[in-house]
Amino acid sequence: MPELPEVEALKDFLDENLVGKEIARVMPVAISVLKTYDPPLGALDGSEVVSVRRHGKFLDVGTGGGLHLVFHLARAGWLQWRDVLPSGVPRPGKGPLALRAALTGGDGFDLTEAGTTKRLAVHLVRDPAEIPGVARLGPDPLADDFDRDSFAALLAGERRQIKGALRDQSLIAGIGNAYSDEILHAARMSPYKLASKLGADEITGLYEAIRTTLEDAVERSRGLAAGRLKAEKKSGLRVHGRTGEPCPVCGDTIREVSFHDSSLQYCPTCQTGGRPLADRRLSRLLK
C-alpha cells in the first residue's frame, strides 16, 4: 500500500509533470472506481491543472475551474505516467486499468489496481473536504506545526495498542502498516504497547522516530520516477516484509504476527525484551 512517503513523492512527480497542462479527458474504466457523480468527469475537459497536493494518503489534482480530482490508491492501486497514451477510449476488462487521465499533449496517467479486492477511489469535488476520508484526517506528521507536544496531546487518553493508533488516519494522517512497523522498530517499542502507558521519554523517542523514518523515506524517494517508487520503498524497509531475515541493528531474527488481512513484523531483541509475540489476533506477550 502506498503510504505518506510514496504519495508525497507522487505528488512531487505530478507537480513537475502535470501542473500547467490541459486535461483532454478523464475516462473511468472500472465501474467501482468513481465515487462521485456531481460534477461529472466531463467538467474537467479543457481545464488546466494548477496544483497537486497531498492530504494524508490522498492525492489532489486541482484545476483552474475550481474542481479537484482526488484519488486514494488504497492497498493495491498505483499511478503509471505515460509520455504517450494509447489512442482511443479504453474498454473495461479483466486488466488492472481503473482510470485514464489524458492530456491535450498526448501524455497523461493511468490509475491501476491489482488483485480482486477493488478499493481504489476517485472523487471529483469542488472542495476536498467534501470527501469523508479527507475530512476525518488527523494532522500530517511532517507538518511544521506537528511537534512533540502536539503528538503527546493526541496520545492522551488513547487506550489502544500503539501499532493500531499509529495507523488510525483520524489520529495521524499518512502512516500505514509498513511505516508503523518501521517507526516502532526505530523507537525500540513493542507494537502492543498501550499508547496511554507511554512515559514522557517514550513519547519523545516515538515522535523522533516518526519524523526521522518518514523524512528519510521521503528523501530516498525524492526525484524518482513514479515507476521506481515501489522498489525504493521495499529496499528501504528494515523490518516490514522481512520475516526470517536478520535485524539490521542487532542481528536477531525478524518475527511476524499474522492477522486475517494483514501482518506486522518486529525484532524481539530491539522491541520486546527478547520475547516473541504470540502469533494470533489480539495476542499478548508470551510469559
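User: Which residues of helix α3 are buried?
Analyst: In α3, which spans residues 148-155, the buried ones are Phe 151, Ala 152 and Leu 155. They sit on the same side of α3, because they cover an arc of only 100° around the axis. That arc is taken over the directions from the helix axis to the C-beta atoms. Buried means under 20% relative accessible area, exposed means over 50%, and partly exposed lies in between, with a 1.4 Å probe and protein chains only. Helices here are DSSP runs of H or I with at least four residues, strands are runs of E with at least two, and both are numbered from the N terminus.

User: And which exposed residues are on the face turned away?
Analyst: Asp 149 and Ala 153.

User: Before we go on, what kind of model is this?
Analyst: It's a predicted model, where local features need pLDDT of at least 70 and side-chain atom pairs count only at pLDDT 80 or more, while totals for chains, interfaces and linings use all residues. Residues are numbered from 1 along each chain as its sequence is written, and side-chain values use heavy atoms, with hydrogens and water left out.

User: OK, new topic. What's the strand order in the open sheet of four?
Analyst: The order is β1-β6-β7-β5, and the pairing is antiparallel. Two strands count as paired if DSSP finds at least two bridges between them.

User: Which strands are at the edges?
Analyst: β1 (23-28) and β5 (77-82), each of which pairs on one side only.

User: How many bridges join β5 to β7?
Analyst: Six, with β7 covering residues 108-113 and the two strands running antiparallel. As one example, Arg 82 is opposite Gly 108 in β7.

User: What about β2 and β3?
Analyst: Strand β2 (residues 49-55) pairs with β3 (residues 58-63) over six bridges, in the antiparallel sense. Ser 51, for instance, has Gly 62 in β3 as its bridge partner. The two strands make a hairpin with two residues between them, and Gly 56 in the turn has a positive phi of about 60°.

User: What lines the largest cavity?
Analyst: Leu 18, Ile 23, Val 49, Val 61, Leu 69, Ala 101, Leu 103 and Phe 109. The volume of this largest cavity is about 50 Å³. By class, its lining has eight nonpolar residues, no polar and no charged. Nonpolar covers Ala, Val, Leu, Ile, Met, Phe, Trp, Tyr, Cys and Pro, charged covers Asp, Glu, Lys and Arg, and the others, Gly among them, are polar.

User: And the volume of the second largest pocket?
Analyst: About 510 Å³. It has 22 lining residues, and the closest to its centre are Met 1, Arg 75, Ala 178, Lys 233 and His 240.

User: Which element gives the largest share of that lining?
Analyst: α7, with three residues. The lining of the second largest pocket divides into six nonpolar, six polar and 10 charged residues.

User: Last one: is Asp 168 buried or exposed?
Analyst: Asp 168 counts as buried, because its relative accessibility is 19%. You'll find Asp 168 in the loop between α4 (162-167) and α5.

Definitions and conventions: 1 Å grid on protein atoms, 1.4 Å probe; cavity = no way out; pocket = protein on both sides within 12 Å on 5 of 7 lines; lining within 4 Å. Points joined across faces, edges and corners; volume = space filled by probe spheres on them.
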